[in-house]
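Keep the picture in view as you read.

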Amino acid sequence: MNNFKIDMDSSATPQDDKIATPPAVARNDVALNEGNGLDVTRRGFLSLLGASVALATSACRKPVHKILPFVKEPENLKPGISKYYASTYPLAGTSYGVLVETREGRPIKLEGNPDHPLSQGATHHLAQASILDVYDSDRKKYPTIGASRVSWEQWIEVTSTILKNAQNKNKRVCVLHESSASPTLQEVLRKFSNQFKNISVIEFEPTSSENETIAFEECFGLSSIPQPKLDKASVILSLNSDFLGDPRNNVSSIKEWTKTRKIPLQQNSMSRLYSVESFLSLTGTNADHRLALKPSQLLEFALGLATILIEEYQIGDKNLIPIFEKVSRPTYSSAYSEAFLKTLALDLSENIGKSLVLVGPQESKELHIAGLLLNALLKSFSNTLNLKNYTTRSKNGYGKIKNFLEDLKHNKVDVLVTLGGNPAYHFGEAFSIPAQKIQNNIRLSLYEDETSQVTRYDAPLSHFLESWDDSKPTSTSFSIHQPTLRSLYQSRCTGEMLLEWQAHLENITILPTEAWISEIKNNFKHNWNEILQKGYINVDSTPLALSPINVSAVSRMIDEGKYRSFGLRRPQNDKKNKQDDPSSPHGFDEASNHNDAVIELQFEISHATFDGRFANNGWLQELPHPVTKITWDNVANMSSKTAQTLNLKNEDVIELAYGNKILSLPVFIQQGLAEGVITTQIGYGRTHAGHVGSNIGSNVFPLLMASDFSWSLTQNVSINKTGKTYKIATTQKHADLMGRPIAHEAALDDYKNNPDFPKQDDHSESFDLYKKEHTYPGHKWGMSIDLTSCVGCNACVTACNTENNVPVVGKDQVLKGREMHWIRIDRYYRETEQESPAVIHEPMLCQHCEDAPCENVCPVNATTHSEEGLNEMTYNRCIGTRYCSNNCPYKVRRFNFFDYTDDILTPEELGKNPDVTIRMRGVMEKCTFCVQRIQEARIDAKSHGHERISDGGVKSACQQVCPADAIVFGDLNDPSSQVAKLSKSPHGFHILQHLNTKPSITYLAKIRNPHPNLKEFESL
């Protein structure tokens, strides 16, 4: 055997985040001799041993991060101490107040402003995840002209010249902008448009509620929509309205609705929610009674309900009786559907002035008119609909955009300015092809997205946390946006840009930021510093003066309605009129132009990406859908009966065709859907979203475009089975309680008669793991979770991710069950439900057991029990055996198989919480009860001379974000604390309490309020 030598560079030195080079080894110390094998000298052996140890340890060590001290410390900045700024979270023309937590000048967390009337201290998952957006490395960083980078001065000069030329030569200018609740921006936009004689300013939102505005105008002659008062409603009917899940208003909706559902009751009775819908929404899963219908049946259901109220209960104007003679009485195909409608009508008639009907914002104008009619009959206006607090909405839907797209197509636009939004994604080739031909195409955008690809003059838009602005989402609330950090990139906000363009057009010089702040200040007549500190002001408004509902609008709606199913009689001269088919399997009989083979398609707003704008946010992409538990995709949801009829199974890929547009989606069998209905979500299929969100899921907007943005396609939808399959990543595979005592529920009447029913349901015998009882001389931290209040909105999951630096693992790892969420929300169906499955949402996190099964199996004592009842993890001690995870009956411990923090891109590391360790590969992670917040509260208490933390002095991240106030955290040793009182509630229980692990979390059983006439159809 030939001899060889080992050469190592002795001059190499270790570098940050790289493997250190081992020390040099003398060449003559190691030799391979023929016949004798390896002959190693003592010095050579020790050198090789040292080299191998260096290689092994340096590959696994924590990266070294260098910090630089301040040469001159900024005023009012204390390292390690959080500062909070009152600001506003905007979304699609809506907004609510938030508090932005900053550390060393960088925002790291958003919380609800407790004083703001719309948030009241809570937020939703989109607001929580916005921290990831502001530090997104894929944001557009500098202005460009074509493919060339230019300075802001050059970009402003060129674009201002283009606009000046259009002004002088009377060229056609079109400004397309996304919706905003800012009155100042609207005024600045108006002044800017006045500089041109030939200009069109078009506002567009893909999730527009334009039909709602049109319906209100036809019925009452007003474009202002009263806001619902959910806490004043005893009976609520939801018609395809996911008011608990729609992030545009669900924070205030959840706050108000859950006030009427608290146990023990603060009032004599609990409110009751009926849901009639075509998809299984978050609202539907929380309803006391739910009916699944095809989209084409919703209008007929609403009119059938109105007919019963008018004819049987003599409710409403006598002028309506002749109109409703054209509406036939309903016939039923099942006992449940008949009982549902009759019971609903009875319940509403008994709660005149205390009832409320809500219609989904994207539903048809006809359904909205029917909803307004029902509210008028039930005297909801001024009682459960607030005439003093209203929203003035513009028509920002597809109805307004059609003429603009036609002008683009026929080359009638000389200068195109797009401010935010993403029309190339939403409108496809109808926008991108003609827009690309426009030489003077100007854009402000947060990302280099699909629209940026067809834009010549593109500049970066500032994030809302970098911008000044104001907001007036309703007539009674006015809030301020203030930046919490300087713009990370060379960006401007929309208001600054419009003012600078206007200054060039008027040949004056301004400082755009100062001018924009001055415009905002002009809207606030109060003390500016006080407004900045508080974040908002209350505004007095004149109540809406509503006349009686326009009877002719109702009559026209009935005459022009689509006679497709239950309840409507066709005109006598309609030759297609046939007898109803009593054998229809649906909740209501259908007219002859519908049959079981007809497939209807229902679109939903994405829980994760909204309309696609958040596609590059990994926290949101990996956030499980609250009902399906699907991540990283949109799918074709359908019932098991529909799948059997079409010979389909889970993960089969199908093609949905409408007109000349085809969409490919994998099949997901979903309980609770009506037969013959397929539902899917918008906001996926982005091609230029960034390194996270590009090419995720399928883009459904071509089908929406083909249907003029109708959110339900009731005919001409064809399906083709491709023979392919596609993996769907879900975080919950099993959703049946199977009689196990995991989650308890009861009807309200049964609870009143037997309040401690969870304890009686569990007949198992308990055994102690340990003979010695734990003692807690100081605090003993615990939590209560109210399943009646929890709606499953996922806000707590995202808040935990933000607070604790929880990493994103990607779809491949989710498929292997390796998602890292420290808290999850399990969703269970009641197995015996016939018509529509009742759902329980159950937050699941580390139970911090007193007799924890994880602690006695760890070979290195990495998981231990603290003196305050916390189950603690020592990351540096953990060696990754995962014994603790195997021994945990709740499956709430997460093992990081990979170093998910190794590839963090600049400046994403700035959004991390410095109070929480960023874990390396190979350790077990889990909920800590936000121990860093406990320590902060302890220090604060001591600084004020208190020995103990007072009740409410510390809130976990999940508790603070929860709009339902379903989570309470505190000291179980304090008998006066809220959590101690709730832990002793008669309907409280511990999950898997027969194991006697003695968890520190008490769940309060879910209490529903079914109507007595429908209890026979429930399994409670």
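In this predicted model, start where two helices touch: Thr 184, Leu 185, Val 188 and Lys 191 in H4 meet Trp 516, Glu 519 and Ile 520 in H16. Sorted by class, this contact holds four nonpolar residues, one polar residue and two charged ones. To find the pair, look for H4 at residues 183-193 and H16 at residues 512-521. Two packed helices are described by the angle between their axes and by the distance between those axes. For H4 and H16, the angle is about 115° and the axes lie 9 Å apart. H4 passes H16 in a right-handed crossing.

Now move along to H10, which covers residues 335-349. From first C-alpha to last, its 15 residues reach 21 Å, close to the 21 Å expected at 1.5 Å a residue. Is H10 mostly covered or mostly open? It is mostly covered, with eleven of its 15 residues buried. Among them are Tyr 336, Phe 340, Leu 344 and Asp 347. What do the buried residues of H10 pack against? Their partners are the strands S11, S12, S13 and S14, together with helix H8.

Let's look at that helix partner. H8 and H10 pack at an angle of about 55°, with their axes 10 Å apart, and they are therefore oblique to each other. H8 passes H10 in a right-handed crossing. On the H8 side, the contact is made by Phe 301, Leu 305, Ile 308 and Leu 309; on the H10 side, the residues include Phe 340, Leu 341 and Ser 349. By class, this contact has nine nonpolar residues, one polar residue and no charged ones.

Conventions: Residues are numbered from 1 along each chain as its sequence is written. This is a predicted model: local features need pLDDT of at least 70, side-chain atom pairs count only at pLDDT 80 or more; totals for chains, interfaces and linings use all residues. Side-chain values use heavy atoms; hydrogens and water are left out. Helices (H or I, at least four residues) and strands (E, at least two) are DSSP runs, numbered from the N terminus. The expected span of a helix is 1.5 Å times one less than its number of residues. Buried means under 20% relative accessible area, exposed over 50%, partly exposed in between (1.4 Å probe, protein chains only). Contact means heavy atoms within 4.5 Å. Axes are lines fitted to C-alpha atoms, for helices over the stretch in contact, and angles run from 0 to 180 degrees between N-to-C directions. Angles under 35 degrees count as roughly parallel, over 145 as roughly antiparallel, 65 to 115 as roughly perpendicular and the rest as oblique. A crossing is left-handed if the near helix is turned anticlockwise from the far one by less than a right angle, and right-handed if clockwise. Ala, Val, Leu, Ile, Met, Phe, Trp, Tyr, Cys and Pro count as nonpolar, Asp, Glu, Lys and Arg as charged, and the others, Gly among them, as polar.
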